[in-house]
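Subject: Structure for your review

Dear colleague,

Please find the structure below, together with its sequence. My findings follow it, arranged by region.

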Amino acid sequence: MATTVRRTVLTLPAAPVGPANPLPALRPLTAVHSVDERTKRELPREMARQIGYEPLRTLLPVRVLDGYGRERTPTAVDAVVIENDRLRVTVLPGLGGRIHSLRHKPTGRELLYRNPVLQPAGFALNGAWYSGGIEWNIGATGHSTLAMAPLHTAVVPAPDGGEMVRLWEWERLRDLPFQIDLWLPADSSFLHVGVRIRNPHERPVPVYWWSNTAVEEHPGTRVIAPADEAWHYGYERTLDRVPVPDYRGEDRTYPLGSEYPADYFYEIPAESRKWIAALGADGHGLVQTSTDALRGRKLFLWGSGRGGRRWQRWLTEPDTIGYAEIQAGLARTQLEHLRLEEGGELSWLECYGPLAVDPGTAHGANWPAVCAEVESRLAAVLPRRAVDDAYAAWRPCADSEPVRMLATGSGWGALEVLRGRYTLPGTPFDASALGEEQAPWQALLATGVYPAPRKVTPPGPTLVSPHWRDMLETAPADPLTEYHLGVAQWHAGDLAQAVRSWERGLELAPSRWPLLRALAVADTEGGHGERAADRYLAAFDDLCQESRDDGESWTAATAALGREAIGALLAAGRTAEARTVWSRLRPAVQRRGRFQLIHARLLLAEGRRDEARAVFDAGFEAADLREGGQELTELWARLTDEPLPEAYDFRIRPPEPPAGAREPRR
């Protein structure tokens with residue numbers, strides 16, 4: 001059959017993502033993936049330089065998504081299906097363009113781990129993320145802020161004259177447009193994926209990309225890549241060069257062979273073909289390969305330990321198969337960022353498809369022979385030259401204009417194109433995508449004035465890149481403009497000037513709580529805990545008086561500010577005032593799992609240990625637990641010496657080794 005592209009609708013049990021947190025993300029990132037200066041000094045020079053190159057300080061201008069729960073209901077999800085006689089590919093444009101399913105039609109095999117539910121969890125840089133399929137990560141170290149976001153989607157001409165699906169958006173952490181082209185040649189068993197990132201600015205920009213593929217994790221699943229060494233990164237935050245496949249007496253190419261979660265970044269020789277495969281006990285599975293620009297390959301595994309298994313169940317339904325991830329990126333590790341020069345672009349081609357290897361060879365003890373056989377089988381079904389030729393054929397098509405729109409993303413790209421007058425062939429950011437969030441910034445661009453809102457409402461998002469900051473600095477200095485200017489200055493690292501802007505705005509502000517909260521964060525970061533507590537208390541009181549209704553935006557603001565205020569007051573030892581804030585939260589907010597955890601902390605601070613323990617005994621689920629977070633474990637340890645119940649056991653760090661027991665780097 002000829003390749004076809006069609007729309008469809010999937011019905012999946014899903015928990016709504018909920019509203020964005022209206023408080024700007026001023027606090028520094030508590031990155032899961034980081035290493036200390038001592039570790040950097042012992043790494044290869046290029047790797048150390050790229051690890052140190054402009055790591056992300058804040059999430060601005062992106063907002064945090066932490067308003068989701070764990071109650072799932074059947075939900076219609078728009079999808080696009082790309083199909084030929086060998087593969088059926090299901091794409092979710094409204095959820096980061098994720099590939100939900102990759103089915104090999106001749107055998108009926110699903111090549112990916114296909115999550116049966118859509119359950120947000122706190123893994124993306126900005127919060128909400130879900131597991132499964134193939135996801136596209138751009139921006140900075142971690143899961144993309146676009147994981148739950150809609151992308152612009154259209155049909156464009158494919159290199160072979162048929163149709164392909166283009167996904168594109170404006171990535172806001174690094175202020176870059178990108179595109180992903182998906183097509184199936186009519187006679188191919190491999191999904192072809194062309195990716196392009198462009199830098200339209202007159203300055204270099206840090207770039208990050210990792211394609212993450214979830215594969216089913218069976219006892220016999222083995223992950224194979226052409227390397228005999230890897231960089232091991234665990235949640236103890238060390239980066240060590242280790243042998244492949246055996247490390248500390250275990251074959252780590254089997255995801256269930258490790259007890260604790262870990263990353264293995266494979267050290268693939270520069271001249272070698274870039275590929276990674278996950279094969280089952282029968283030798284069948286998925287292989288991913290690419291042009292050489294996508295140099296990195298990685299295995300992420302949850303391991304067989306109790307904490308890793310708990311996270312697996314947390315991300316899906318009980319009694320479903322777990323997953324591991326095989327990944328491909330621009331650098332050797334995910335801790336690194338590349339430099340993209342002004343006006344430059346990066347592009348490459350990836351291919352995903354089935355692979356079958358004799359099971360005795362695939363699971364053999366002779367690692368070089370295993371890698372050689374897998375590469376031989378890959379060469380037979382998709383030669384390296386064929387990938388390079390496909391890339392060369394795709395490049396002229398990357399500028400082709402859309403023929404038929406399938407879905408619409410955000411309006412931020414349209415605003416940036418309007419401001420910068422950029423010409424970006426192939427990825428039109430049409431003005432029709434501009435919406436309510438972009439409206440005041442469009443007005444600032446046109447008139448030089450940031451407009452006052454038509455009704456009392458929490459402030460919208462702030463744009464922070466240099467050109468918008470310049471416009472805010474020259475706009476009339478009304479309180480709302482000073483608020484946004486301070487956020488942009490804070491993002492730029494000019495913390496003292498940000499505080500001055502917020503203090504100026506506070507003098508005449510009819511709505512004081514956004515400015516007071518921003519100043520409270522500045523106080524916290526400056527070590528002024530008492531003053532921060534004062535300002536948080538005043539901000540929460542002002543918000544409660546200003547709040548107009550029980551609608552989504554006001555409820556989100558009250559919950560977010562109340563959560564921060566209670567934390568600051570408890571840190572200052574002001575327990576009675578923290579209780580006052582708690583009592584003013586809406587009952588529906590108090591019942592949320594995250595706020596039950598906060599309440600247990602409050603009860604313990606009040607000396608009501610038994611009541612705090614009763615919160616745990618009654619059961620709760622803090623939906624937005626962060627990857628690697630320890631708050632449940634730490635609070636339980638303060639309440640009792642009893643073992644941590646399995647329902648609350650998300651521990652994924654191995655025990656601390658004895659002093660001096662750490663292995664030297666190689």
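The largest nonpolar core has 85 residues, and those that touch the most other members are Trp 136, Leu 182, Leu 191, Trp 209 and Tyr 266. Please bear in mind throughout that this is a predicted model. Setting aside residues up to four places away in sequence, Tyr 266 touches Val 223, Ala 225, Ala 227, Glu 229, Ala 230, Val 244, Ile 276, Arg 297, Lys 298 and Leu 299. Another core, of 63 residues, lies apart from the largest one; Trp 168, Tyr 450, Leu 570 and Trp 582 are among its members. As general background, nonpolar side chains tend to be buried together in soluble globular proteins.

The sheet

An open sheet is formed by nine strands with antiparallel pairing, in the order E15-E21-E22-E26-E12-E11-E10-E9-E27. Its edges are strand E15 (222-224) and strand E27 (404-407); each has a single partner strand, so one side of each is left without a neighbour in the sheet. On average, neighbouring strands of this sheet are turned by 20° against each other, direction ignored.

Within the sheet, strand E22 (residues 284-290) pairs with strand E26 (residues 345-356) in the antiparallel sense, over seven bridges. Val 287 is placed opposite Gly 353 in E26.

Two helices can be described in relation to these strands. Helix H5 (residues 367-381) packs on the sheet and touches E15, strand E21 (275-279), E22 and E26, and its direction makes about 75° with that of E15. Helix H6 (residues 384-394) lies across E10, strand E11 (176-183), strand E12 (191-198), E22 and E26, and runs at about 135° to E26.

Strand E10 and its partners

Eight of the nine residues of E10 are buried, and the strand is mostly covered. Strand E9 (residues 152-157) pairs with E10 in the antiparallel sense over six bridges, and Val 156 stands opposite Met 164 in E10. These two strands form a hairpin with five residues between them, and Gly 161 in the turn has a positive phi of about 90°.

E10 also pairs with E11 in the antiparallel sense, over seven bridges. Here Arg 166 is found opposite Asp 181 in E11. The hairpin of E10 and E11 has four residues between the strands, and in it Asp 175 takes a positive phi near 65°.

Helix H7

To what extent is helix H7 enclosed by the rest of the structure? Seven of the nine residues of this helix (residues 412-420) are buried, so H7 is largely enclosed. The buried residues are Trp 412, Gly 413, Ala 414, Leu 415, Glu 416, Val 417 and Arg 419. Their cover includes strand E10 (163-171), helix H8 (439-447) and helix H9 (466-474). Arg 421, which follows H7, has a positive phi near 55°.

Thr 213 belongs to strand E14 (residues 209-217). With a relative accessible area of 1%, Thr 213 is buried. Apart from neighbours within four places in sequence, Thr 213 is in contact with Leu 112, Gly 133, Ile 134, Leu 286, Ala 324, Glu 325, Ile 326 and Tyr 352.

E14 is also part of the surroundings of helix H3, whose buried residues pack against strand E6 (121-124), E14 and strand E24 (322-329). In H3 (residues 306-314), the buried residues are Gly 307, Gly 308, Arg 310, Trp 311, Gln 312 and Trp 314.

Helix pairs

Helix H13 (residues 529-546) and helix H14 (residues 552-571) pack at an angle of about 155°, their axes being 9 Å apart. This angle makes H13 roughly antiparallel to H14. Their crossing is left-handed. In the contact, residues of H13 including Tyr 536, Leu 537, Phe 540 and Leu 543 meet residues of H14, among them Trp 554, Leu 561, Ala 565 and Leu 569.

For helix H18 (residues 609-618) and helix H19 (residues 631-639), the axes come within 10 Å and cross at roughly 140°. That angle makes H18 oblique to H19, and H18 passes H19 in a left-handed crossing. On the H18 side, the contact is made by Arg 609, Ala 612, Arg 613 and Phe 616, and on the H19 side by Leu 632, Leu 635, Trp 636, Arg 638 and Leu 639.

Yours sincerely

Conventions:
Residues numbered from 1 in each chain as written. Predicted model: local features only at pLDDT ≥ 70, side-chain atom pairs only at ≥ 80, totals over all residues. Heavy atoms only, no water. Buried < 20%, exposed > 50% of the residue type's maximum accessible area, 1.4 Å probe, protein only. Contact = heavy atoms within 4.5 Å. Core = buried A, V, L, I, M, F, W, Y, C linked by side-chain atoms within 4.5 Å. Pairing = 2+ DSSP bridges. Axes fitted to C-alpha atoms, helices over the stretch in contact; angles between N-to-C directions. Parallel < 35°, antiparallel > 145°, perpendicular 65-115°, else oblique. Left-handed = near helix turned anticlockwise from the far one by under 90°.
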